[in-house]
Amino acid sequence: MMAQLKRFTIDPITRIEGHLRIEVDLDPNNVVKDAYSSSGMFRGIELIMQDRDFHDVGLFAQRICGVCTYTHYRVGTEAVEAALGVQIPTDARIVRNLLHASLFLHDHVVHFYQLHGMDWFDVVAALSADPEKAAAVALKYSPTPYNAGAGTFRAVQERVSALVASGELGPFANGYWGNPSYKLTPEQDLIMLSHYLDALAVQRTLAQAMAVFGGKNPHPQSLVVGGVTSIMDIVDPSRVAEFLGKMQSGAQFIQNAYLPDIRMIADAYIQEAKSGEGYGVPDFMSYGAFPLDNIPWPKGAMLFPSGVFNRNTQMVTDLNADQIKEDVTRAWYQGPNEGVYPGEESTIPDYTGYEADGALNRSGKYSWIKAPRYQGLPMETGPLARLLIGRARKDPLIEKAMTDFERSVPRGFSPDEWYSTVGRTAARAVEADIIASQVGAWVDELAANVGQGQTQTYTAPSNTSGEGFRLLDAPRGALGHWIRIENGRVTHYQAVVPSTWNASPRDHKGQMGPYEASLINTRLAVANQPLEVLRTVHSFDPCIGCAVHIVDSKGAEVARFQVDV
């Protein structure tokens with residue numbers, strides 16, 4: 001007789017942007033046997049874009065999100081440029097990459113420490129650590145650990161102890177402290193806690209870096225169709241040096257805190273990595289990131305190359321954008337079961353609700369997120385996909401970074417161990433280090449161009465009608481915007497965002513999305529403390545804000561929610 005499964009619902013998933021619900025079924029041994037991922041709010045950005053002037057597309061697009069603002073700004077703007085056949089000048093491309101680098105570093109640091117870190121370290125246990133021993137432990141993972149003296153650690157304990165004594169735990173409230181799934185020692189917990197606090201200052205510095213060329217943060221203003229407007233900053237050596245200094249400050253944190261902390265986690269959680277906990281679908285996809293020349297996608301060189309990688313065959317293939325479709329069989333939209341190419345797709349809501357008991361309708365539609373598929377298959381996107389594809393394409397920079405990391409983990413880290421929650425989390429740190437290492441060269445290239453009198457940053461569009469798309473990776477994965485423009489006005493818009501790929505529901509073939517697949521066979525140490533589920537879902541850096549939206553055209557309040565925590 002089949003054992004009875006117990007349904008467990010987590011809604012909302014905390015420490016993310018947006019509104020994500022996860023339902024899992026546990027067997028009597030607390031092992032996840034089934035999983036469903038659902039977003040509870042409608043996204044209407046495609047409808048908001050209708051009949052807009054094409055010059056405004058980027059500005060509207062970046063309001064999709066409060067985190068990946070710049071990526072949507074850039075991709076929306078470049079979709080217009082693709083549709084109108086605009087080629088931007090080299091200096092504009094470099095500045096766009098520098099802005100993108102500041103976003104990636106900011107995003108990865110915030111994600112790991114503020115959004116994901118407490119899935120790995122126990123704040124309460126850190127208070128019982130020996131600061132002297134913690135200082136010695138930090139040296140095990142870095143010869144130059146970041147802000148890791150015994151005095152610093154003691155001060156951190158006093159600061160957090162005061163919070164505990166006051167009863168106002170703030171961001172540390174309602175954690176699963178003491179859960180046996182935590183594997184760090186109290187001293188390692190203290191190192192993580194200390195760097196959590198350091199990261200608050202570092203992320204501010206990286207946001208300031210974006211504002212140098214972007215005008216402000218989180219929603220920069222310096223991109224226009226045809227180039228960038230920050231010419232006065234580009235030709236001012238003091239402004240360029242200010243940007244570089246802030247980015248180097250971030251790079252120092254990444255090299256001396258972020259990467260060493262990830263080594264420490266990989267070391268402590270190596271059994272979880274070896275067992276493949278959190279491994280999801282076998283296929284990975286990237287549109288590529290950081291174009292290094294002016295050759296149109298996908299033929300141009302990129303820091304992170306595009307492609308599709310299959311774990312089972314270890315083969316990487318070129319991307320064909322025509323093979324992307326969005327299946328809405330299990331999403332609250334109308335459309336054919338086999339899906340539609342985003343350049344032709346319509347956004348027609350078709351809300352059918354929940355079961356009478358409030359559970360997801362598992363036999364029907366159950367999410368506002370669609371199910372993007374490439375050649376009919378679900379794809380994981382994000383930093384791990386970018387590294388796997390880069391390594392499969394024998395990119396020397398990526399290969400070296402991954403190999404260096406594998407060798408730096410005291411207990412070792414094999415190539416197969418990337419296919420796990422630990423590996424997905426480690427990939428983000430390795431990627432941050434790769435990007436940080438390239439910023440100086442891009443700044444030098446820009447300065448050399450300016451020194452030679454090459455200061456053009458804008459190409460005026462000569463067309464007002466056209467059709468096109470832009471595919472480029474955001475920090476958390478593959479981002480595509482498709483657009484059609486007629487007489488200067490938008491007549492079609494479709495955005496397929498990273499969290500749509502990763503958080504997708506099942507499709508018409510019954511194939512799970514990456515979140516869902518990654519949770520299968522996860523064992524919970526404590527049934528009513530789904531720490532392991534949160535750890536895996538958070539490792540994707542979910543950002544449901546860009547996958548769902550709602551707006552009332554008359555400006556009326558749509559709904560008000562109260563979440564008791």
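Where is Gln375 found? I placed Gln375 in the loop between β12 and α12 (383-392). I took helices (H or I, at least four residues) and strands (E, at least two) as DSSP runs, numbered from the N terminus.

**Ground rules.** I am working on a predicted model, where local features need pLDDT of at least 70, side-chain atom pairs count only at pLDDT 80 or more, and totals for chains, interfaces and linings use all residues. Residues are numbered from 1 along each chain as its sequence is written, and side-chain values use heavy atoms, with hydrogens and water left out.

I noted a positive phi of about 50° at Gln375, which is not a glycine. Gln375 is exposed, at a relative accessible area of 52%. My scale was: buried under 20% relative accessible area, exposed over 50%, partly exposed in between (1.4 Å probe, protein chains only). Asp51 also has a positive phi, about 65°, without being a glycine. I found Asp51 in the loop between α1 (45-49) and α2 (57-61). Asp51 counts as partly exposed, because its relative accessibility is 48%.

Next I looked up cis peptide bonds. One joins Asp11 and Pro12, with omega about 0°. Pro12 sits in the loop between β1 and β2. Another runs from Asn217 to Pro218, with omega near 15°. Pro218 belongs to the loop between α8 (186-214) and β4 (223-224).

I traced an open sheet of 3 strands, ordered β1-β2-β3, with antiparallel pairing. Its edge strands are β1 (6-10) and β3 (32-39), each pairing on one side only. The twist averages 15° from one strand to the next. Two strands pair if DSSP finds at least two bridges between them. β2 (residues 20-26) and β3 share 7 bridges. Leu26 has Val32 in β3 as its bridge partner. Helix α17 (residues 531-539) lies across β1, β2 and β3, at about 135° to β2. For that angle, axes are lines fitted to C-alpha atoms, for helices over the stretch in contact (heavy atoms within 4.5 Å), and angles run from 0 to 180 degrees between N-to-C directions.

I then checked β13 (residues 466-474) and β14 (residues 477-486). They pair in the antiparallel sense over 9 bridges. A hairpin of 2 residues joins β13 to β14. Ala474 stands opposite Gly477 in β14.

**Core.** I used this rule: a nonpolar core is a set of buried Ala, Val, Leu, Ile, Met, Phe, Trp, Tyr and Cys residues joined through side-chain atoms within 4.5 Å. The largest core has 103 residues, and Phe405 and Trp418 touch the most other members. Helix α10 (residues 237-268) gives the largest share, 15 residues. Apart from it lies another core of 25 residues, including Ala61 and Leu479.

**Aromatics.** Which class does each pair fall into? I paired rings of Phe, Tyr and Trp (its six-membered ring) with centres within 6.5 Å; planes under 30 degrees apart are stacked, over 60 edge-to-face, the rest tilted. That gives 31 aromatic pairs. Tyr333 and Trp368 have ring centres 5.6 Å apart and planes at 80°, so I logged them as edge-to-face. Both Tyr333 and Trp368 are buried. Phe405 and Trp418 form a tilted pair, 5.6 Å centre to centre with 45° between the planes. Phe405 lies in helix α13 (residues 396-408) and Trp418 in the loop between α13 and α14 (421-451), so this pair ties together parts 13 residues apart in sequence.
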